Amino acid sequence: MAKQPQPPEMDRDAQGWVLYDASCGVCSRWVPFWGPTLARQGLGFAPLQSDWVVERMALTAEAPPPEEIASDLRLLLANGELISGADVYRHVMGCIWWAMPMHVLTRLPGLRQIFDGVYRAFAAHRHEISRACRMPAPSAKPASPEPSKAGTQRKPRHGDEFEFSLVGFDRRGWSRGSTGEWSVRMRGGAPRDRWRGTVIRRRRSLLEIRGLELIEAGPAHREAPCSHHNSCGGCSFQECSYEEQLVQKHRLVTDALGAAGVLGLASVEAVIGCENPWAYRNKMEFSFSNRRWIEADEPPGAPADFALGLHAPGRFDKALALSECRILFPGGEAILQSAGRLARELGLAPWSVRNHTGCLRHLVLRHGVYTGEIMVVLVTSEETPELVLTYAKALLAAQPCITTLVHAINTGVASVARGESERVIFGSGYIEEQLLGLHFRISAGSFFQINTRQAEILFRMVVEEAAPTGEEIVYDLYSGAGTIALLLAAAAREVLAFEEVPAAVADARRSAAANGVEGVRFFEGDVLVELDRALGGAPELPRPDVVVVDPPRSGLHPKVPAKLLELAPRRLIYVSCNLHNGASDIAQLIEGGYALRRVQAVDLFPHTPHVECVLSLEWAGPQPGLADSEG
Ligand SMILES: C[S@@+](CC[C@H](N)C(=O)[O-])C[C@H]1O[C@@H](n2cnc3c(N)ncnc32)[C@H](O)[C@@H]1O
């Protein structure tokens, strides 16, 4: 008997997967035949029946119910996009050079409709080609969630209850899973948990659920240590083991790279986790509010007109009064409690987001892990010097560990924990912190990585990847308080650091002087403007050999990648705190001539969906000047 061809091994790092019915005779012969061709285009195959497909689909935004997935030919892209029917053929033909003419033809008006019609006719009769095919014909109505004749099925509504399994996290801090028929998302839980929950909202085929009962804990399930875990949006993943969180974050990184089409160009190493994933935040911003979020298990009747804490998820106008916070630095909770108690005792009015009234707006705590120094920044809506002084004195007396206290005034309506003006009420107005043996000054308005120990790992990697040998001009773009610039200075010819916040630049200059670091120049201004000046030949801005970029969460300004490509430094190290935005910058840089060498994520934010990532790129385009000499 002839040996049946075997489907190729499933490649999980592919750019997309054609989903096929493994029980169908046609599909199972078709897959090994086309497998090698599609593999060359970065596409793989995955059986519709595999757990992996069910899990991936549950993590896909707006995934159709499983019954509908199986009703037609599907292509699942690494970015979660699902392509169906004739479009799968069109997409695949567009990936293969010799099929490209067909791809173009089947997109032309008129021919497109004919091609789609032929596909539908073929699909409708595929059962006559192979009786082994179990896919329902696409013309047959898919299993409908509307009431059936028996009246047993309808679209889920608010309050309906379901049992479901969780499979993973998404980048917004939701646990994702499936009822078998519907995709679900909920706060809390852990992958492979089985839950019963009630529908709070439905977005097409995605149900938003409030968990009611953990039916069966998965192997990664843990008891959440924080009493606010069900109400606070801060650490969504407390119920999941830290090891599993790192696995999920690795997937979030590969998903972001896949969405930008650059997955598979470099290996994505396992995420480097924290030794201690608790009490790691050296900075936290809390809000005062005149509307307290009432937690589900509270006894009725407690006052609700004052709160100091974090905003309840999705509620900009209410704050959850925190009695504990497991990720805040040791000693921070006690300061928070004193600040709340004293404000109430002194009758100070908390801010109302709705009416824009009240004095107290924010309380920011900062801590030097190595130095033990603690800064409190009190943000108020008005000057009120006596009131603030009375409050500050009481807080300093209650918490003598505070080494400096700054008063900032924010008269605007935007809820930001910064002020238009600042004055130092107590101490120096800054704290000091250490990183890899260097000392840094951090004032109220300066950026500093919120997890000091992990920042050391992150920066060690940046230095390793930048690998200056003493000859290079290095640019540190978005340099904050000068951390990366100072760490690189020892091994570079010169480091030029660019940052737009004046306080951060001032801190960086003072830190350079205090550490005796030479060979660093700091430029205060917008990165885009400074890059234009460099490209324009400004004499004080020599062309860089190495560039490190560490942009804010929004990623690079859309014009910055093109400027970097014009500068074409030999090595480019991209530090991203939000790869969902950063990956498209990376794609643009690769498109322009860079090769991706290494992707390494470091977890600075346990129990949240955030992860920091170092992406190392090397110029692989033409040698600068080659085109000129040839021309
Ligand atoms: C993620 S932080 C990185 C800081 C520093 N590399 C570090 O790790 O400590 C981003 C920094 O970019 C600065 N920034 C944001 N937009 C900027 C722009 N358009 N031009 C210059 N700096 C900018 C912010 O003030 C912030 O200090």
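Predicted model: local features only at pLDDT ≥ 70, side-chain atom pairs only at ≥ 80, totals over all residues.
Residues are numbered from 1 along each chain as its sequence is written, and side-chain values use heavy atoms, with hydrogens and water left out.

**Sheet**

- An open sheet of mixed pairing is formed by 7 strands in the order S12-S11-S10-S13-S14-S15-S16; strands (E, at least two residues) and helices (H or I, at least four) are DSSP runs numbered from the N terminus.
- Its edge strands are S12 (319-321) and S16, each of which pairs on one side only; two strands pair if DSSP finds at least two bridges between them.
- On average, neighbouring strands of this sheet are turned by 35° against each other, direction ignored.
- S14 (residues 374-380) pairs with S15 in the parallel sense over 6 bridges, and valine 376 stands opposite leucine 405 in S15.

**Helices on the sheet**

- Helix H9 (residues 332-345) packs on the sheet and touches S10 (283-289), S11 (307-311), S13 (360-367) and S14, contact meaning heavy atoms within 4.5 Å.
- The direction of H9 makes about 160° with that of S13; axes are lines fitted to C-alpha atoms, for helices over the stretch in contact, and angles run from 0 to 180 degrees between N-to-C directions.
- Helix H10 (residues 385-398) also packs on the sheet, touching S10, S13, S14, S15 and S16, and its direction makes about 45° with that of S16.

**Faces of H10**

- Val388, Tyr391, Ala392, Leu395 and Leu396 are the buried residues of H10; buried means under 20% relative accessible area, exposed over 50%, and partly exposed in between (1.4 Å probe, protein chains only).
- Seen down the axis of H10, these buried residues fall within an arc of 130°, so they line one face of the helix; the arc is that of the directions from the helix axis to the C-beta atoms.
- The buried residues of H10 pack against S10, H9, S13, S14, S15 and S16.
- Exposed residues Glu386, Lys393 and Ala397 sit on the face of H10 turned away from its buried side.

**Glycine 412**

- Glycine 412 lies in the loop between S15 (404-409) and S16 (421-426) and is partly exposed, with a relative accessible area of 27%.
- Not counting residues up to four places away in sequence, glycine 412 touches Trp351, Arg361 and Glu420.
- Glycine 412 and serine 381 are 31 residues apart in sequence and 7.8 Å apart in space, C-alpha to C-alpha.
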